[in-house]
Amino acid sequence: MKDTKVRGSTMDIPLVPAEEPVVEPVLEWTIRRDAEDIRTLMGWITASTKRREREALIVRTRELLAEIEHAAQRLDELR
């Protein structure tokens with residue numbers, strides 16, 4: 001992401017440079033928020049009595065886990 005440029009812009013600057021101070025807190029916030037959402041989803045999964053509903057909740061949980069993994073990898077790159 002650090003090499004992403006604005007297309008058609010006369011300025012050749014990255015959208016979010018790696019040294020941008022806001023990136024790290026946003027990634028940390030994303031991890032915390034997703035972890036809280038997963039905690040909620042786990043409660044719903046255990047309370048669910050319908051197979052399709054449970055499967056949908058599990059899919060969403062996996063998506064959030066993937067987002068956490070990506071955010072953690074980006075944090076590692078920045079640090």
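Modeller: What follows is a walk along the packing and then the charged pairs.

Keep in mind that this is a predicted model. Start with the whole chain. The protein chain has two helices and zero strands. It has 79 residues, of which 20% count as buried. The chain exposes about 6300 Å². Carbon and sulfur atoms supply 55% of that area. Contacts also reach along the sequence. Take those between residues at least 6 apart: 52% of them join residues at least 24 apart.

Now helix H1. This helix runs over residues 23–47 and holds 25 residues. From its first C-alpha to its last, H1 reaches 36 Å. That is close to the 36 Å expected at 1.5 Å a residue. Which residues of H1 are buried? They are Val23, Leu27, Thr30, Asp34, Ile38, Leu41 and Ile45. What do these buried residues pack against? Their partner is helix H2, residues 51–78.

The largest nonpolar core has six residues. Its members are Ile38, Leu41, Ile45, Leu57, Leu64 and Ile68. H1 and H2 are the elements that give two or more residues to this core. There is a general pattern to set beside this. In soluble globular proteins, nonpolar side chains tend to be buried together.

Leu57 lies in helix H2. Its relative accessible area is 13%, under the 20% cut-off, so Leu57 counts as buried. Leaving out residues up to four places away in sequence, Leu57 touches Leu41, Trp44 and Ile45. Another residue gives a sense of distance. Leu57 and Met42 are 15 residues apart in sequence, and their C-alpha atoms are 8.1 Å apart in space.

Turn to Ile45, on the H1 side. Ile45 is one of the buried residues of H1. With neighbours within four places in sequence set aside, Ile45 is in contact with Arg54, Leu57, Ile58 and Thr61.

Next comes Ile38, another member of the core. Compare its position with that of Glu63, which is found in helix H2. Glu63 and Ile38 are 25 residues apart along the chain, and their C-alpha atoms are separated by 9.8 Å. Is Glu63 buried, exposed or partly exposed? Glu63 is partly exposed, with a relative accessible area of 41%.

Why does Asp34 count as buried? Its relative accessible area is 0%, and buried means under 20%, so Asp34 counts as buried. Not counting residues up to four places away in sequence, Asp34 touches Leu64, Glu67 and Ile68. Leu64 and Ile68 both belong to the largest nonpolar core.

Asp34 also has a charged partner. The side chains of Arg33 and Asp34 meet in a salt bridge, 2.5 Å from N to O. Arg33 is partly exposed, at a relative accessible area of 28%.

How many salt bridges does the structure hold? It holds eight.

Arg51 counts as exposed, at 56% relative accessibility. Glu55 counts as partly exposed, at 37%.

Then take Glu77 with Arg74. Their side chains meet in a salt bridge of 2.9 Å, N to O. Glu77 and Arg74 also lie in H2, three residues apart, about one turn of the helix. Glu77 counts as exposed, at 56% relative accessibility. Arg74 is buried, with a relative accessible area of 15%.

The buried residues of H1 pack against H2. The six-residue core draws on both H1 and H2.

Note on methods
Residues numbered from 1 in each chain as written. Predicted model: local features only at pLDDT ≥ 70, side-chain atom pairs only at ≥ 80, totals over all residues. Heavy atoms only, no water. Helix = DSSP H or I, 4+ residues; strand = E, 2+ residues; numbered from the N terminus. Expected span 1.5 Å × (residues − 1). Buried < 20%, exposed > 50% of the residue type's maximum accessible area, 1.4 Å probe, protein only. Contact = heavy atoms within 4.5 Å. Core = buried A, V, L, I, M, F, W, Y, C linked by side-chain atoms within 4.5 Å. Areas by Shrake-Rupley, 256 points an atom, 1.4 Å probe, with all protein chains shown as cover. Salt bridge = Lys/Arg side-chain N within 4 Å of Asp/Glu carboxyl O.
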